[in-house]
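Please look over the structure shown here and read the short report that goes with it.

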Amino acid sequence: VSYGPPNFTLDAAIVNIQRPSPLIAYGRINPACDQPLVMIRNNGSQTLTSLRFEYYVDNGPHVIYNWTGNLPYLDTATIALPVDSLSFWTSVDSGGFHVDISKPNGGEDQYDPNNHYSSAYRQPPGYNGIVVVNLLTNKNPQDNYYEVLNEYGDTVFHNGNFDATTSYYDSLILPVGCYTLVFHDDGEDGLSYWANPDQGNGSLRLRQTAKNGKILTTFNPDFGKGIQYDFSILSSPLAVGATQPQFRHVGLYPN
């Protein structure tokens, strides 16, 4: 293998789109309705300190984001692109997501073919009203906790310190928007695993409105280290523009 000096001084490139993406390599973080993730590489000899992103979906609004950072020659970085609301994804269930980059370090990019990238997107499930997280723990509840994030990555709800072989029902009253449920297993063997029968079997579901409500989705309990699941709230009991309520945990004993 032989090579010479860099061909360009200013050349930013899009390597891939991790979210939204139909690729199995990014299957755990898709489908999604929160911030797109785009990997870039600096192919120019000059350290990349700023870059302009323009991104949109088919027939949707174009959004401009000006990134700043410090990316040396041939290094890569994964950039989260801000999305203000669900309207960015339009009302179409699927389509194309497109990204263009320009103005590296405020100048002209010297190689245009690597400045555009497209990926297919598919919207995650959308629910109305109250969503109930229904957890049945196994015999190792100390391994588990979960959190719900909004589209900005802020934690709006979390729960942990569970008892063994116990059912939990957490009612989420959320404003209209995009959310991510992240369920963690520090033992990295899920709620059920054939190679560890001593831990017993647990389950994780989402239900509609109440503890005995319609099952919206049931997760495979053999998930290893964790689950990441995006969903949107299409209508909410909370008024438009309402802030996230402060959740409190209340315990009743002995029953």
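## The chain as a whole

The model is a predicted one, and the secondary structure of its protein chain consists of 16 strands and zero helices. Taken along the principal axes, the box that the C-alpha atoms of the protein chain fill is roughly 70 × 45 × 30 Å. Of the 255 residues in the protein chain, 45% are buried, and 50% of the accessible surface belongs to carbon and sulfur atoms. When contacts between residues at least 6 apart in sequence are considered, 74% of them join residues at least 24 apart.

The table gathers some overall values for the protein chain.

| Property of the protein chain | Value |
|---|---|
| Accessible surface | about 13600 Å² |
| Box of the C-alpha atoms | roughly 70 × 45 × 30 Å |

## A sheet of five strands

Five strands form an open sheet with mixed pairing, and their order is β8-β16-β13-β10-β11. The edges of this sheet are β8, residues 126-128, and β11, residues 155-159, each of which pairs on one side only. From one strand to the next, the twist averages 25°.

Strand β10, which covers residues 144-150, pairs with β11 in the antiparallel sense over four bridges, and H158 in β11 is the bridge partner of E147.

Notes. Residues numbered from 1 in each chain as written. Predicted model: local features only at pLDDT ≥ 70, side-chain atom pairs only at ≥ 80, totals over all residues. Heavy atoms only, no water. Helix = DSSP H or I, 4+ residues; strand = E, 2+ residues; numbered from the N terminus. Buried < 20%, exposed > 50% of the residue type's maximum accessible area, 1.4 Å probe, protein only. Contact = heavy atoms within 4.5 Å. Areas by Shrake-Rupley, 256 points an atom, 1.4 Å probe, with all protein chains shown as cover. Pairing = 2+ DSSP bridges. Axes fitted to C-alpha atoms, helices over the stretch in contact; angles between N-to-C directions.
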